[in-house]
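Hi,

Here is the structure I said I would pass on.

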Amino acid sequence: MIGTDRINLNVDPPPDLAIEIDVTSKTKISAYQALRVPEIWRYENGNLEINLLQGEQYIKSQTSLTFPNFPIIEEIYRFVEMSRTIGTTPALREFRKWVREMISRL
């Protein structure tokens, strides 16, 4: 949040989305539950998993609440594979282009 060094959950809302790609350790799902983060994306072993908070539990989903019209799971896989074949910088360029195109359709 702009102008904030630390989140105060008594005042500040939880993040809309948490994205976890750390390959060395994973945050326990209970930490996200305690923060009431509505959506978590976890990338592990070449797969992206979307989890949505429903009540007190997270459920797996094929679509995002934050980006409902974006085919996130398929496209993230495609761009990760692209980065392996053409390199990270060109893949990021293509990813940004794809995001702009998706936003322009909304």
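Salt bridges first: I count one where a side-chain nitrogen of Lys or Arg is within 4 Å of a carboxyl oxygen of Asp or Glu. Bear in mind that this is a predicted model, with local features needing pLDDT of at least 70 and side-chain atom pairs counting only at pLDDT 80 or more, while totals for chains, interfaces and linings use all residues. Residues are numbered from 1 along each chain as its sequence is written, and side-chain values use heavy atoms, leaving out hydrogens and water.

By that rule there are six salt bridges. One of them joins E44 and K26, at 3.1 Å from N to O. E44 sits in strand β2 and K26 in the loop between β1 (18-20) and α1, so the pair ties together parts 18 residues apart in sequence. Helices (H or I, at least four residues) and strands (E, at least two) are DSSP runs, numbered from the N terminus.

Another pairs E56 with R36 (3.5 Å, N to O). Here E56 is in the loop between β3 (47-54) and β4 (57-61) and R36 in the loop between α1 and β2, so parts 20 residues apart in sequence are tied together.

Then there's E75 with R78, at 2.7 Å from N to O. Both lie in helix α2, three residues apart, about one turn of the helix. E75 is buried at 15% relative accessible area, whereas R78 is partly exposed at 37% (buried is under 20%, exposed over 50%, partly exposed in between; 1.4 Å probe, protein chains only).

Cheers
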